[in-house]
Amino acid sequence: MKDYKPMLARLAESPFSSSDWIFEVKWDGIRAISYVNEELSIRSRKQKELIGNFPELSELKDLTGNIVLDGEIIIMKDGRADFQSLIQRMQNTNPREIMYLAGKFPATYIIFDILEKDGKEVSDIPLTERKRLLKNSVKEGNFVVLSLFVEETGEAYYGAALEKGLEGIIAKKKQSPYEPGKRSNNWLKIKPVKTCDCVIFGYTDGEGNREKTFGSLILGLYDKAGPVFIGKVGTGFSREYMENLKLSLDKHKVEEETLPGVDNDREITWLRPDIVCKIGYQSITEDEKLRIPVFKSLREDKEPLECTIDQIRPVVSDYTEKRDFSRTPEPQMSHERGTGKSFVVQEHHARRLHYDLRLEKDGVLKSWAVPKGPPETSGDRRLAVQVEDHPLEYGKFEGAIPQGQYGAGTVKIWDKGFYETIYWKEDKIEFIVKGEKMEGRYVLVKFKKAGEKNWLLFKGSD
Ligand code: MN
């Protein structure tokens, strides 16, 4: 049997639903490929043999044969995958302790893919067919299970997974082959990518099975002028956890409102802002709220007043570091609120004339210097060198940057308007522009051969 390296997933920007994809739970464990014939070998990504540390998984030999499988080893504790216990078991070298721990904290091997069957590679056949083959080839046991999956409804599945306290989900394209060792766009992990520490200002009344606890927590962060409402969180805790949390929250109850600007479609119990918690989230909405927030934990080591709104505001530190604002007329970041969709091209007579294309995204202007200017006809391609994110205020800037300052020379707005994103990934951006001069579909593609910051800007056919 040949050695396989596991296929890896890229990080998705946010959850989505699509009939071309299936969705599975993302487990927090050890990735392991198993080779089952006369011998059984289960190996980690670093090719470490795992069967010695997880003897209970040798039952796999009785459940299937002549096969190569991909999966994840986890240890469940209190309804959650416990990574800490897993690491302890993996590092143990004492045979007696290993046997004892195998009984006390048994592992589960969750199998999600099949790579080889009866000496034949099956990595090239589409995922849906591999899933069918897997189901027909492996019986489940006490410590070996097959991964469940749903089709199409990724967003709902993601919400349900977070509600259960799981880390996230993996989306897999139905028609895709298994690509050993590759980090592929056909597998996407979807999880809250950012975290911030927030203050709990209250909670909304619960309904249904939450009648005795609460609906969601009301979260705020401190701005210079005072606390600002940044959203509510209602997922990420078990019922038992919620019951305990409510008991501690209720010790801080007050009569009067402690946070302005909260939409009160439900009855709110206000709290003194004494308690800090860590929240995971996907991104920040245009009105500066957390998108798809999930509760992570309480943070007893942090003071409420340390929870400032800077945590969720975009930063343009490279931009700020390069400029001396006592000398250049260029704007400083003032956290102006954008439309989310503006674009601008500035004609910049620096040492060399170039055109700066800027697209508003996540509260900043993503920027590229295009030496020859945007392409005019479809098929035309222009080098576009990515430069530091600029503050939104820069979109209105025209003027002369003095000698000795970064980018010295005059800046004029060459075109401006709005754009719509079709696709925005790490190495490819596709968008439709509506400006005076630029109009229609454009594509930016990373051009790594020419350097890490280099892209090509195309005009697409409409
Ligand atoms: Mn420039």
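Author: This is a predicted model, and a search of the whole structure turns up 16 aromatic pairs. One of them joins phenylalanine 237 and phenylalanine 295.

Reader: What makes the pair of phenylalanine 237 and phenylalanine 295 tilted?
Author: The ring centres are 4.9 Å apart, and a pair needs centres within 6.5 Å.

Reader: Where in the chain do phenylalanine 237 and phenylalanine 295 sit?
Author: They are 58 residues apart, so to speak in distant parts of the chain: phenylalanine 237 in the loop between β16 and α6, phenylalanine 295 in strand β20.

Reader: Why are tyrosine 319 and phenylalanine 325 called tilted?
Author: Their planes are at 35° with the centres 6.0 Å apart, so the pair is tilted.

Reader: How do you know whether tyrosine 319 is buried or exposed?
Author: Buried means under 20% relative accessible area, and tyrosine 319 has 0%, so buried it is.

Reader: Why say that the charged end of arginine 43 sits over the ring of tyrosine 35?
Author: The distance to the ring centre is 4.2 Å, and the limit is within 6 Å, along with within 35 degrees of the ring normal. Lysine 77 likewise lies over the face of phenylalanine 105, at 4.4 Å from the ring centre.

Reader: What lines the second largest pocket?
Author: Ten nonpolar, three polar and eleven charged residues.

Terms used
Residues are numbered from 1 along each chain as its sequence is written. This is a predicted model: local features need pLDDT of at least 70, side-chain atom pairs count only at pLDDT 80 or more; totals for chains, interfaces and linings use all residues. Side-chain values use heavy atoms; hydrogens and water are left out. Rings of Phe, Tyr and Trp (its six-membered ring) pair if their centres lie within 6.5 Å; planes under 30 degrees apart count as stacked, over 60 as edge-to-face and the rest as tilted. Helices (H or I, at least four residues) and strands (E, at least two) are DSSP runs, numbered from the N terminus. Buried means under 20% relative accessible area, exposed over 50%, partly exposed in between (1.4 Å probe, protein chains only). Ala, Val, Leu, Ile, Met, Phe, Trp, Tyr, Cys and Pro count as nonpolar, Asp, Glu, Lys and Arg as charged, and the others, Gly among them, as polar.
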